[in-house]
Every structure is written in structure tokens, then in C-alpha cells.
Amino acid sequence: IVNNKKEIIMKKLYIVSSGAGSDTYITTQAINAINDCEVVVSYTKYAKELQNLIQDKQLFTSGMTHEIQRANQAIQFAKDGKTTCIISNGDVNVFGMATLVIELIDEQDLWDEIEVISVPGVTSFLAAASRVGAPISQDFAIISLSDRLTDISLIQKRVDLALEGDFIIGIYNPKSKKRTKPYINLLQ
């Protein structure tokens with residue numbers, strides 16, 4: 001009790017960007033968030049890449065395509081009172097876990113119970129541009145070619161309009177395990 005009022009301590013859930021691979025592009029803010037948490041929820045590959053940062057944490061990992069399970073598990077750990085971080089590659093807000101976590105928090109109406117902290121990171125688009133010496137000094141668009149959640153006709157429209165607008169285009173997900181042939185006509 002503080003000043004005759006009940007002090008409410010929010011539970012914390014960090015959505016942590018690990019950067020564009022291993023710990024090379026991880027930010028100080030992301031490292032601080034990982035240090036602050038008790039539990040780490042991660043795609044198995046990312047946990048291996050960040051092993052030196054998370055070795056003393058309770059760890060929950062799963063494979064590719066289990067994003068909903070990981071997000072729900074991270075939320076449950078936070079609901080249980082454990083300061084938790086869920087790790088996403090690149091920047092959590094660019095084709096990362098932030099959207100899913102926010103949607104689930106909203107669906108479960110947990111905004112008064114869990115403080116959600118999104119920690120930005122370096123996207124692979126920006127890391128690749130820097131590595132190859134191609135500064136992005138003009139307007140740009142980042143487009144995912146994944147048709148798992150977006151109809152291919154909408155993806156084609158986005159590519160066409162970005163090309164028409166003379167944007168620099170960063171392409172994500174040009175192929176996958178099931179879709180090994182790239183979209184030849186999209187960039188013609």
C-alpha cells in the first residue's frame with residue numbers, strides 16, 4: 001500500500017528485436033531487455049544465435065510456423081508474473097512478432113495487466129544495404145513476397161506501384177521451403 005492506495009505493478013512483456021542475425025546487429029536496448037527478463041521465448045534458431053545472452057534465463061523455444069504458440073506462451077509467462085521477452089529477428093515491427101503479440105494482448109484484453117514494450121532493431125534490409133555499401137538515401141518500400149497471409153494479386157499490385165513510383169524496393173521472403181520458384185513476373 002502506498003499513500004493508502006493499492007500500488008499496481010504491471011507485468012512486463014518485451015517484444016525484443018534480435019537484429020539481422022547472430023548478435024552482430026542487436027541493440028543495447030534489446031540487450032538490456034533480455035537482461036531484465038526472467039523468461040525468454042524464441043524461435044529455436046534465434047535462441048541458439050543469442051545463447052551467450054540468454055544462458056541464465058528460463059527458455060521456451062519452438063520451430064518455424066509456431067509463432068502463435070510462442071506468442072501465447074510469452075503472454076502466459078507474463079500473466080504468471082514473470083518478466084518475459086519474446087525474441088523476433090530483425091525488427092519486431094517489420095514482418096516480426098509485434099503484430100501477433102499485440103493482436104493477442106488485445107483479444108485477451110490484457111492492456112491493464114501486462115505492459116508490452118516493443119524494442120526496435122536493425123532489419124535485414126538495412127543491414128544488407130550497409131554491408132554492400134548501398135545507402136538508402138531516397139524513398140523506399142519493403143515488400144514481402146510471402147503469399148501465406150496475402151493474396152498474390154495484392155503482392156503484385158504493391159510491387160507494380162512501388163516500381164511505378166520509382167521506389168527502392170527491399171524484398172522479403174522471395175521463396176520458401178514449399179515455394180522454391182521465385183515470382184518471376186513480379187519484378188518485370
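How many residues of the lining of the largest pocket are nonpolar, polar and charged? I looked this up and found 15 nonpolar, 14 polar and 12 charged, where Ala, Val, Leu, Ile, Met, Phe, Trp, Tyr, Cys and Pro count as nonpolar, Asp, Glu, Lys and Arg as charged, and the others, Gly among them, as polar.

I note that the model is predicted, with local features needing pLDDT of at least 70 and side-chain atom pairs pLDDT 80 or more, while totals for chains, interfaces and linings use all residues. Numbering runs from 1 along each chain as its sequence is written, and side-chain values use heavy atoms, without hydrogens and water.

For the largest pocket I noted a volume of about 1,800 Å³ and a lining of 41 residues, with Met 64, Glu 67, Phe 95, Arg 148 and Asn 173 nearest the centre. Two or more lining residues come from each of helix 2 (44-49), helix 4 (67-79), strand 4 (84-88), helix 5 (98-107) and strand 6 (140-144). A pocket here is an open set of points on a 1 Å grid over the protein atoms alone, where a 1.4 Å probe fits, with protein on both sides within 12 Å along at least five of seven lines; lining residues have an atom within 4 Å of a point.

Turning to the chain, I counted 7 helices and 7 strands (DSSP runs, H or I of at least four residues and E of at least two), in the order β-α-β-α-α-β-α-β-α-β-α-β-α-β from the N terminus. Buried residues (under 20% relative accessible area, 1.4 Å probe, protein chains only) make up 38% of the 188 residues.

Methods:
Grid points are joined across faces, edges and corners, and a volume is the space filled by probe spheres set on the points. Buried means under 20% relative accessible area, exposed over 50%, partly exposed in between (1.4 Å probe, protein chains only).
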